[in-house]
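Subject: The two-chain model, handed over

Hi,

Here is the structure I promised to pass on to you. Have a look at it first, and then read my notes below.

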Amino acid sequence: MIYFNAFIFSGIVCLIGQIILDNTKLMPGHITSLFVVIGAALDTFAIYDFFVEKFGAGAMVCITSFGHLLIHGALAKAHADGILGLFTGMFSLTAAGITATIIFAFIFTLIFKAKD
Amino acid sequence: MEKEKYKKLTEKFSPKENKVKNMVVAFIIGGLIGLLGQILITIYSSFDGISINEAGSLMMVTIIFLSCLFTALGFFDNWVSKAGAGLFVPISGFAHATTSSALEYKKEGLVFGIGSNIFKLSGSVILYGVVSAYIFGIIRFLFFGG
């Protein structure tokens, strides 16, 4: 069942992105930025936690989960250490994703050439 | 004959039909990535000593690895233009944007080429993610007690 839920949730998020892309002048960059902000906003009221629990990887692979993880790490740290935690904890949960992106992008850029 | 061909062509590229087709493709491709992620989590968490949270991180790293590799090999651009939001809304889009801008500016050197431009496309995601998370974080911390 969780497989079906994951499929439906990430499918619907991508569908919303496609509808915005086709019917407005927004570019993919605008849409991903917008979705990150929406993810952070949803997590402010703990709605996104519910999505992750219910839809598993479907909610985790979408870019909205990036915003969710940013604010989640910051708040967890702020809860323990006070307001400074908003600075120290911001990247604590997204570190894997950002580091992996930088490392793999850099290595593959060194190895491969741009195709034109 | 020529007219029929033309009619077929315009029908094929008429915007309304394309929109519906784009939506279906985006839904299916995006859904498949979610499904792939869930399968990877199940596989990883079945190994000894890997918790469900670690399996989630490993799943993200795997998807990022694959999208970076496919982008560098040159065929992911084609997929993204076909699948639209199905590929750029999931985390694969972030990895794709990063790798493709790094590749594009590779010829300008290691520092002012790759170094300065690697986040040219995906930097806005990080910027607005951090800014909005900070603002929402302060709101929640001050008004809802964290």
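A helix here is a DSSP run of H or I at least four residues long, and helices are numbered from the N terminus. With that in hand, find the end of α5(A): just after that helix, Gly82(A) takes a positive phi of about 90 degrees. One thing to keep in mind throughout is that this is a predicted model.

**Chain A**

Let's start with the overall picture. Chain A has 7 helices and 0 strands, so if you read its elements from the N terminus on, you get α-α-α-α-α-α-α. Its C-alpha trace spans about 50 × 35 × 35 Å along the principal axes. Chain A has 116 residues, and 53% of them count as buried. If you take the contacts in chain A between residues at least 6 apart in sequence, 56% of them join residues at least 24 apart.

Next, look at α2(A) and α3(A). Their axes come within 5 Å and cross at roughly 100 degrees. Angles of 65 to 115 degrees count as roughly perpendicular, and therefore that is how these two helices sit relative to each other. On the α2(A) side, the contact is made by Gly39(A), Leu42(A) and Asp43(A), while α3(A) brings Ile47(A), Tyr48(A) and Asp49(A). By class, the residues of this contact divide into 3 nonpolar, 1 polar and 2 charged.

In the loop between α2 and α3 of chain A you'll find Ala46(A). Its phi is near 60 degrees, a positive value in a residue other than glycine. Is Ala46(A) buried or exposed? A residue with 12 or fewer other C-beta atoms within 10 Å is exposed, and Ala46(A) has 12, so Ala46(A) is exposed.

Compare that with Ile12(A), which is found in helix α1 of chain A. Ile12(A) has 18 C-beta neighbours inside 10 Å, so it counts as partly exposed. Ile12(A) and Gly58(A) are 46 residues apart in sequence, and their C-alpha atoms are 9.7 Å apart in space.

**Chain B**

Chain B has 8 helices and 0 strands, and its elements run α-α-α-α-α-α-α-α from the N terminus on. Its C-alpha atoms fill a box of roughly 70 × 40 × 40 Å along the principal axes. A compact globule of 146 residues would have a radius of gyration near 15 Å, but chain B has 20 Å. Of those 146 residues, 42% count as buried. Residues 24 or more positions apart account for 50% of the contacts in chain B with a separation of 6 or more.

The helix to look at here is α8(B), residues 123-143. It has 21 residues and reaches 30 Å from its first C-alpha to its last, close to the 30 Å expected. Its buried residues include Val125(B), Ile126(B), Phe136(B) and Arg140(B). What do the buried residues of α8(B) pack against? They pack against α2, α5 and α6 of chain A, together with α6 of chain B.

**Where the chains meet**

Now put the two chains together. In all, 57 residues of chain A are in contact with 62 residues of chain B. On chain A, the helices α1, α2, α4, α5 and α7 each supply at least two residues of the side that touches chain B. Which helix gives the most? That is α1(A), with 16 residues. By class, this side of chain A has 40 nonpolar, 15 polar and 2 charged residues.

Gly97(A) is buried, with 21 other C-beta atoms within 10 Å. Leaving aside residues up to four places away in sequence, Gly97(A) touches Met60(B), Ile64(B) and Ile91(B). Gly97(A) and Pro28(A) are 69 residues apart in sequence and 20 Å apart in space, C-alpha to C-alpha.

Terms used: Residues are numbered from 1 along each chain as its sequence is written. Chains are lettered from A and ligands numbered from 1 in the order in which they are written. This is a predicted model: local features need pLDDT of at least 70, side-chain atom pairs count only at pLDDT 80 or more; totals for chains, interfaces and linings use all residues. Two residues are in contact if their C-beta atoms, placed from the backbone, lie within 7 Å. Ala, Val, Leu, Ile, Met, Phe, Trp, Tyr, Cys and Pro count as nonpolar, Asp, Glu, Lys and Arg as charged, and the others, Gly among them, as polar. A residue is buried if 20 or more other C-beta atoms lie within 10 Å of its own, exposed if 12 or fewer, and partly exposed in between; C-beta atoms are placed from the backbone. The radius of gyration is taken over C-alpha atoms; the globule rule is 2.2 Å times the number of residues to the power 0.38. Axes are lines fitted to C-alpha atoms, for helices over the stretch in contact, and angles run from 0 to 180 degrees between N-to-C directions. Angles under 35 degrees count as roughly parallel, over 145 as roughly antiparallel, 65 to 115 as roughly perpendicular and the rest as oblique. The expected span of a helix is 1.5 Å times one less than its number of residues.
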